[in-house]
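Dear colleague,

Please find below the structure that I am handing over to you, followed by a summary of what was found in it.

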Amino acid sequence: MASTGLTVAVTGPTGDLGLSIVDALERSRAVKRIVGMARRPFDPAERGWRKTEYRQGDVTDAASVRALVKDAHVVVHLAFAILDASDSTRELNVKGSRRVFEEAVKAGTERICYASSVAAYGFHDDNPDWLTEQIPARGSREHPYSQQKADVEQVLAATLLNRRRTIAYVFRPCIVAGPEARTMLQEIPYFRLGEAMPDLVVRLLGSLPALRPVIPDPGARFQLVHSEDVARAFVAGVRGVGEPGPYNLAAGGTLTFSHLAAALGWYSVPIPKLAVEATAEIATRLPMAPDSIAWLHSVRKPVLMKTDRARRLLKWRPQHTARRTLDEMVRAQREELLA
Ligand SMILES: NC(=O)c1ccc[n+]([C@@H]2O[C@H](COP(=O)([O-])OP(=O)(O)OC[C@H]3O[C@@H](n4cnc5c(N)ncnc54)[C@H](OP(=O)(O)O)[C@@H]3O)[C@@H](O)[C@H]2O)c1
């Protein structure tokens, strides 16, 4: 029986995912009150939120976290450093998450809903083509975000060991996109890949008419999920639907960089997968390589997820396909540029 009258504490309510999740919690009749916390100033009323109080605070600060989770039936943990993840973000990502989980347990929270990621699985050559939740989330050592996501899942499991009162839903979305979740347009691995492109590829690209940007397509497939669909899964977790545990989240259909190019009205050109692999191999051996180069691995070893568990236990039915999610995101970006 799903809960009602809930108080929900949310870390990171102002990010790509947080905005959609709080929108959905605002609409949920099961939720009475929402308390959000992030570092920068933010006014919930400007967003039209009526159940939400916002406070400035940092997940690395014990007192802020304690005050946030006090009286919460459910804690939604989203705050994380993603694209700039490196050894120096362990304090925020791993220790900060541990603090949130420990304080939630101490406060007697019933459920923790944590945003892990597909990256928690790691980009391993022996991964199956389609990942299910039965595959261990091992992380990839050479990719700090991936490793920290895997480590945080272990921290959460260890924190809840032998605890009866608090259970956890661990969501593993693929790349989140949508009209309000457009980080990938600037930060998708490909754009960072451009910084470390091998000469061969640069020459190949340079020989094409430079009328529009060109996206090299190594043929790797990727998934997208709409931020509103991720929010639907979180609301199910907040309400205590189904069972706790890990849940893969991805929209129907897969995309390649050629789809991305077409949606943007750009060109795409096939490039040998070997060129990507060689770059990733060299990049990880450079002692001073920028952290962003680690993202190469997500192009080198694609990770695709099955979502049967969420569909079966949470009755999760994503409303947007990957293609539609991409189109909506690009349209929103265009409208903003033209405005
Ligand atoms: N976006 C994706 O494609 C994607 C995919 C899979 C999983 N996820 C996971 O989903 C979660 C949310 O992602 P997102 O895309 O919404 O991230 P985001 O857009 O970067 O937002 C991060 C949120 O966390 C807050 N925050 C950051 N550091 C904080 C700190 N030290 N203390 C308190 N708040 C802090 C940020 O606000 P301030 O900067 O103002 O503090 C912001 O509200 C993350 O755990 C991420 O790993 C995201």
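Which polar backbone atom lies 3.0 Å from an oxygen atom of the ligand? In this predicted model, that backbone atom belongs to L78. The backbone of A115 also takes part, with an N or O atom 3.4 Å from a ligand oxygen. From a side chain, R40 places an N or O atom 2.8 Å from an oxygen atom of the ligand. The ligand taken alone exposes 890 Å², and the protein buries 89% of that area.

The surroundings of the ligand may be described as follows. There are 27 residues around it, and those that come nearest are T14, R39, R40, Y145 and K149. Two or more residues of the shell come from each of α1 (16-27), α4 (144-160) and β8 (175-177). Helix α1 gives the most, with three residues.

I would also draw your attention to N93, which is found in helix α3 (residues 90-106). Is N93 buried or exposed? With a relative accessible area of 0%, N93 falls under the 20% limit and is therefore buried. A polar atom of the N93 side chain lies 2.7 Å from the backbone nitrogen of A81. Leaving aside residues up to four places away in sequence, N93 touches F80, A81, A85, Q148 and V152.

Yours sincerely

Terms used. Residues numbered from 1 in each chain as written. Predicted model: local features only at pLDDT ≥ 70, side-chain atom pairs only at ≥ 80, totals over all residues. Heavy atoms only, no water. Near = heavy atom within 4 Å. Polar contact = N/O pair within 3.5 Å; in protein donor to acceptor, adjacent residues only side chain to side chain. Areas by Shrake-Rupley, 256 points an atom, 1.4 Å probe, with all protein chains shown as cover. Helix = DSSP H or I, 4+ residues; strand = E, 2+ residues; numbered from the N terminus. Buried < 20%, exposed > 50% of the residue type's maximum accessible area, 1.4 Å probe, protein only. Contact = heavy atoms within 4.5 Å.
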